[in-house]
Amino acid sequence: IIRGIYTAINNSKKYDIFYINTIVVLDYIIGSRFTSTTNILHIREIPTGIQKIVFSKILSFSKMKMIFNSNNTANSYSLPSNQIRTTILNGVTGYPDSINNIKDKTINMLLLGRLTEWKGQMFFLETINKLVDLKKYIIQVRIVGDVFEDQLEYKNKLIQFVKIHNLENFVTFKSFVKNPEVEYTWSNILVVPSIKPESFGRVAVEAMSIGRCVVAANHGGLSEIISHNEDGILFEPNNAKSLLYELIELLEDTQNIIKYGENSRKTFQTKFSNEVYERNFKETIKKYLGKP
């Protein structure tokens with residue numbers, strides 16, 4: 001560790017500005033305290049428990065200038081009030097807008113991302129099981145993604161749940177796809193049921209770029225992306241009754257699915273496009289360098 005910090009200090013001194021885009025590069029973060037270089041740290045991670053205390057101490061010691069990807073991420077750290085920081089919401093390339101078709105009164109719901117417990121796929125399936133039991137709505141659910149490496153236990157648990165509760169006609173699984181545009185186009189609603197807070201919520205923004213209604217847990221960066229009942233829906237995190245209620249509200253008035261999707265496209269263009277992100281990023285770097 002000491003050798004790494006020494007190397008970091010010497011490397012940093014070669015430059016006028018040093019930019020780090022993750023908090024895990026601890027040698028450079030600690031080493032920044034001992035240089036006159038303009039050191040900027042871009043933080044996208046939310047620590048918990050003892051990690052929060054440790055990283056907050058290290059970041060405070062570093063005196064680096066910070067960029068956070070959401071206010072929720074920024075609020076996850078205990079930093080001195082005079083430590084320079086800015087929040088820049090992430091931007092994404094996005095996809096071409098497409099018509100949100102609802103065919104034969106069937107509502108297509110999409111979950112996209114890594115299969116892991118904190119992402120809430122099982123929580124969502126438990127809610128869908130209750131929705132199907134009502135025998136009132138025509139829905140199709142597509143869960144797209146894979147587990148990390150060979151950690152298949154959770155995926156098998158999801159598949160088994162679908163079989164036990166006779167949901168095979170409603171729920172399908174697909175492996176990870178490099179280009180998810182086809183999945184977003186197929187969907188009418190993207191659901192982000194994360195049990196733990198997301199530091200941002202990239203899939204939500206990608207779905208908004210294509211003009212889809214997003215239903216998401218009301219915590220983490222998702223709370224800063226979606227405006228409830230305007231360009232999407234927010235439900236109480238890890239609360240099946242809340243999620244079920246919001247889904248039923250949409251299924252009872254499917255025009256809202258279309259309206260929220262149209263509004264979400266406008267939100268994407270004004271807040272989350274790459275062009276907006278690049279402009280905000282450049283302005284922040286200039287400010288940190290003391291340039292007009």
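The expected span of a helix is taken as 1.5 Å times one less than its number of residues. Helices (H or I, at least four residues) and strands (E, at least two) are DSSP runs, numbered from the N terminus. The model is predicted: local features need pLDDT of at least 70, side-chain atom pairs count only at pLDDT 80 or more, and totals for chains, interfaces and linings use all residues. Residues are numbered from 1 along each chain as its sequence is written, and side-chain values use heavy atoms, with hydrogens and water left out.

The chain contains 12 helices and 10 strands. Its C-alpha atoms fill a box of roughly 65 × 40 × 30 Å along the principal axes. Of its 292 residues, 49% are buried. Buried denotes under 20% relative accessible area, exposed over 50%, and partly exposed in between (1.4 Å probe, protein chains only). Contact denotes heavy atoms within 4.5 Å. Among contacts between residues at least 6 apart in sequence, 66% join residues at least 24 apart.

Helix α10 covers residues 240-252. Its 13 residues reach 18 Å from first C-alpha to last, close to the expected 18 Å. Its buried residues are Ala240, Ser242, Leu243, Leu244, Glu246, Leu247, Leu250 and Leu251. At the start of α10, a side-chain oxygen of Asn239 comes to within 3.0 Å of the backbone nitrogen of Lys241.

Helices α8 (residues 202-209) and α11 (residues 255-272) form a crossing pair. Their axes come within 7 Å and cross at roughly 115°. Axes are lines fitted to C-alpha atoms, for helices over the stretch in contact, with angles from 0 to 180 degrees between N-to-C directions. From α8, Val205, Met208 and Ser209 meet Ser264, Arg265, Thr267, Phe268 and Phe272 of α11. These residues divide into 4 nonpolar, 3 polar and 1 charged. Ala, Val, Leu, Ile, Met, Phe, Trp, Tyr, Cys and Pro count as nonpolar, Asp, Glu, Lys and Arg as charged, and the others, Gly among them, as polar.

Ser187 sits between α7 (181-186) and β8 (189-192). Ser187 is buried, at 1% relative accessible area. Its side chain reaches the backbone oxygen of Tyr184 at 2.7 Å. Leaving aside residues up to four places away in sequence, Ser187 touches Asn100, Asn108, Leu110 and Arg212.

Asp104, in the loop between β4 (85-87) and β5 (107-112), has a positive phi near 55°. Asp104 is exposed, at 70% relative accessibility. Asn229 lies between α9 (222-225) and β10 (233-235). Its phi is also positive, about 65°, although Asn229 is not a glycine. Asn229 is partly exposed, at 41%.

Definitions and conventions:
Polar contact = N/O pair within 3.5 Å; in protein donor to acceptor, adjacent residues only side chain to side chain.
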